[in-house]
Amino acid sequence: MRQTIDKNNLPKHIAITMDGNGRWAKSKGKIRAFGHKNGVKAVREATEYATEIGIKYLTLYAFSTENWNRPKHEVNALMALLVSAIKKETATLMKNNIKLISIGEIDCLPSKAKQELSDAINKTKNNTALTLVLALSYSGRWEIINSVKNIIKDKVAVENINESLFKQYLTTKNVPDPELLIRTSGEYRISNFLLWQIAYSELYFTDTMWPDFTKKELEKAILNYQNRDRRFGKTNEQSQN
Ligand code: IPE
Ligand code: IPE
Ligand code: MG
């Protein structure tokens, strides 16, 4: 069992379902929005740590298609937070050579959020260290249906449809599949995240609520990943060769 991170065996892509902001706030006698606000600090921690150790892609599930069904005031608070966080953090993204991209139905976002997001994406587009992928108004089923629609629109011949063609139609076409998927807050479900891409991801669940997810917690998750045997359907003996 390794006790320290092996820099030669890092996941290229880590995806995180940042869950538990509301419960974290409630446990402190505060409103849910307070949890979301503190969740931004954890985003900063995870992004910093991923950059420090040389992770190439970090995808953060920030708002799902289903989250539109939350009370209007909570949706509004989340959208306002998105705008202020992007505004505040763009300079740091530039300083740390981080490229921001987004996946999801961005057209559904309020115009202010869309504008801030596209400005930040544009500003950071030539950065080359970490690619930070924000999943916003995202769901895996939406993405798959969307891909199918576009394949049909493009009149792709049936014999040309295969996994690599399909990948070209996903919002993550330029992003490798995540080797590691983390979910915080003690929930053991996928909640419509990256359904196609996680076919062979290692899953890591922790009881820690997202606002308490520190660099140390991310290090723990990566270490746990590095102690796994990834077999991809082969036998144990084959996969160790
Ligand atoms: C995750 O925290 C943030 C979003 C889904 C936007 P939650 O808001 O889901 O917090 P809990 O799960 O209710 O504690
Ligand atoms: C998943 O969390 C979505 C995000 C973290 C953005 P939810 O809190 O919305 O998921 P469920 O409802 O518990 O499955
Ligand atoms: Mg939740």
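**Briefing: a chain of helices and strands**

Of the 241 residues of the protein chain, 46% count as buried. The model is predicted. The chain holds eight helices and six strands. Its radius of gyration is 18 Å, which agrees with the value near 18 Å for a compact globule of 241 residues.

**Overall build**
- From the N terminus on, the elements follow the order β-α-α-β-α-β-α-β-α-α-β-β-α-α.
- The C-alpha trace spans about 50 × 50 × 35 Å along its principal axes.
- Take the contacts between residues at least 6 apart in sequence: 75% of them join residues at least 24 apart.
- The protein chain exposes about 13,100 Å², and carbon and sulfur atoms supply 51% of that area.

**Strand β2 and its partners**
- Strand β2 covers residues 57–64, and seven of its eight residues are buried, so the rest of the structure largely encloses this strand.
- Strand β1 (residues 13–17) runs parallel to β2, and five bridges join the two.
- T17 stands opposite Y61 of β2.
- Strand β4 (residues 131–138) also pairs with β2 in the parallel sense, over seven bridges.
- Y57 has T131 in β4 as its bridge partner.

**Helix α7**
- Helix α7 (residues 215–226) has 12 residues.
- From first C-alpha to last, α7 reaches 17 Å, close to the 16 Å expected at 1.5 Å a residue.
- Buried residues in α7 are E217, L218, A221, I222, L223, Y225 and Q226.
- These buried residues pack against β1, α2 (32–53), β5 (180–183) and β6 (202–205).

Technical notes:
Residues are numbered from 1 along each chain as its sequence is written. Chains are lettered from A and ligands numbered from 1 in the order in which they are written. This is a predicted model: local features need pLDDT of at least 70, side-chain atom pairs count only at pLDDT 80 or more; totals for chains, interfaces and linings use all residues. Side-chain values use heavy atoms; hydrogens and water are left out. Buried means under 20% relative accessible area, exposed over 50%, partly exposed in between (1.4 Å probe, protein chains only). Helices (H or I, at least four residues) and strands (E, at least two) are DSSP runs, numbered from the N terminus. Two strands pair if DSSP finds at least two bridges between them. The expected span of a helix is 1.5 Å times one less than its number of residues. Contact means heavy atoms within 4.5 Å. The radius of gyration is taken over C-alpha atoms; the globule rule is 2.2 Å times the number of residues to the power 0.38. Accessible areas come from the Shrake-Rupley method with a 1.4 Å probe; for residues, only the protein chains shown count as cover.
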